[in-house]
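Student: I'd like to learn how to read a model with two chains. Could you walk me through it?
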Amino acid sequence: MARSERASGAAAAEFLLKRHTLRPAEALPWLIGIGAYFAFPDYMALGTQILIGVMFALSLDLVLGYAGIVTLGHAAFFGTGAYAAALLAARLGWSEPLSGLAFAGVCAALAGFVSGWVLLRYRGLTLLMLTLATAIMLYELGNARADITGGYDGVTGITIKPLFGRFDYDLYGHTYYLYALAVLFVLFVVARRIVYSPFGQALVGIRENLRRMEAIGSPVHRRLVAIYTIAAAMAGVAGGLYAQSNAFVTLSALGFERSASVLVMLILGGTGRLYGAFLGAAIYMLLEDSLAKLSPEFWEFGVGLVLVLTVLFARGGLLGLLERAARRARGLWR
Amino acid sequence: MSGTAALETRGLHKNFGALQVARGIDFRLERGARCALIGPNGAGKTSFVNLLTGALRPSAGSVLLHGEEVTRLSQSERARRGIARTFQINQLFRGLTVLDNVCLAVGERTGACNNLWRAAGARRETADEAVALLEALRLQEDALRPVSELAYGRQRLVEIAIALGQRPKVLLLDEPAAGVPSAESHIILDVIESLPQDIAVLIIEHDMDVVFRFARSITVLVAGAVLMQGTPQEVAADERVRTLYLGEQAHG
């Protein structure tokens, strides 16, 4: 068997220089995203929530999939962003949407930087517990300061000005869908650039072998804090959009269930491959939506079953499965 | 023995509870040295390397790199100042290609890895340098294969390639040919022999043929302390070494 990857040094370098070029298949999620706008005009509210889920899962992919940071507290940043955007609009009366999102991102980034600086000295199970504990503390803090957060009743009365002062929000959420799609696109471009940058490669190095990264002189802690902060900002933007589109935030925005479900979404779709977040979040939320209609009590069973099957039989997630199938199909074609 | 050594330790102690893995080690590695560190199993050779690189912090004593105290510096800080090592048990980026493995070392050294916006490929220097290194170690054929697919002997070469990507001033090789079939180990030995002359090399090795072929000086470590230091001839002639170590080899 002639191995196509056997190559001369020059060809290898050439491959490396071209690795980040866009592939045609990468247009697919965006075509689907735009197509859904025209095909399912009545489902734009669900579509918006899916796009927000994708953003959130994408931010987790940077942290977990690329840098190998295991976290059960990622909702802390989603929630921080959600409350930042909500409180800015409802309490401070600042209702311009884009600056609201930016504010949500900055607040979450700050939370990510501070907690990351402290927590990312630890690894594995310790880190998992610490991220979980931090998120729970934030949740209880929100609960204790019900005068600010509204406690279990949440923040209501969020009014958002029309986008660019022109595009107002309709009852069916068409504007929010396109708004979310555009925001996702921007976040995705950022994530993709980071992943293919030398910095992104160093993150993968840390994931693959932390010990060796230290031995070759990588400032591991600094790198991890950097990506954790960036991912927190992205999660915060997703949270901000969640608050704006629902005009309502409760403590569930930063609860444990949200941390867990985003993890499930990402593992379902496939970690460390960017598009896993798209597939995972979409499938999870569509399953949730359709199964919950079938059986409001047992929909989680269905999601659980899919997750078990994925973890057991498709280690790279559903996207990994597709990639393997595509490779096999290409092999047969030759 | 005058001037500053490439690497030096003074009174290096390390205890794990009651266990003493280093007991006042005074050691000098001159610039461009070819030194072997030998000793029976459990003598503390790998611990000593870990103390040199900063993976372990000493209980007492100091480590000097080119005359500068680095005892308190982290492992990655010491690596940036020119200490590179290979591991007795492979520490590779297994899921990545051979080329990516070396690119990481080069990129971290040059600071390319601080860049999180431009595509990795857009920096030609990193790729070119890594490829040149792979060609020097005759690994270019495998450049785009994941390391985990390589035969063990080839993986040992990648282990060295990563260290060389750091362009070290001091290179610590922890049993570089361990576990490699003898038919392949000569490739690794050729590589070690053709290392740039200005690098100070310390090699931990059990194979006495390798030690006597490679080393210009030998340090014998026993129970965390230096038993003796000298030329290969001096060490080979030493009665204590013969009974303690070489004799054991002959029986084993």
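Tutor: Gladly! Keep in mind that this is a predicted model. Let's begin where the chains meet: 35 residues of chain A are in contact with 44 residues of chain B.

Student: Which helices of chain A each supply at least two residues of the side that touches chain B?

Tutor: Those are H1 (9–18), H8 (174–196), H9 (198–208) and H10 (210–215). The largest share comes from H9(A), with eight residues. Sorted by class, this side of chain A has 16 nonpolar, 10 polar and nine charged residues.

Student: How many helices and strands does chain A have?

Tutor: Chain A comes to 15 helices and zero strands.

Student: What should I look for in the interior?

Tutor: Look for a nonpolar core, a set of buried nonpolar residues joined through C-beta atoms within 7 Å. The largest one here has 180 residues, and those touching the most other members are Val54(A), Met55(A), Ala86(A), Val102(B), Leu134(B) and Ala161(B). Helix H11 (residues 220–246) of chain A gives the most, 17 residues. In chain B, domain 1 (1–82 + 168–252) and domain 2 (94–167) both contribute, so this core lies between them.

Student: What is Ala86(A) in contact with, leaving aside its neighbours within four places in sequence?

Tutor: Its partners are Val155(A), Ile158(A), Ala243(A) and Val249(A).

Notes: Residues are numbered from 1 along each chain as its sequence is written. Chains are lettered from A and ligands numbered from 1 in the order in which they are written. This is a predicted model: local features need pLDDT of at least 70, side-chain atom pairs count only at pLDDT 80 or more; totals for chains, interfaces and linings use all residues. Two residues are in contact if their C-beta atoms, placed from the backbone, lie within 7 Å. Helices (H or I, at least four residues) and strands (E, at least two) are DSSP runs, numbered from the N terminus. Ala, Val, Leu, Ile, Met, Phe, Trp, Tyr, Cys and Pro count as nonpolar, Asp, Glu, Lys and Arg as charged, and the others, Gly among them, as polar. A residue is buried if 20 or more other C-beta atoms lie within 10 Å of its own, exposed if 12 or fewer, and partly exposed in between; C-beta atoms are placed from the backbone. Domain bounds come from an automatic or database domain assignment.
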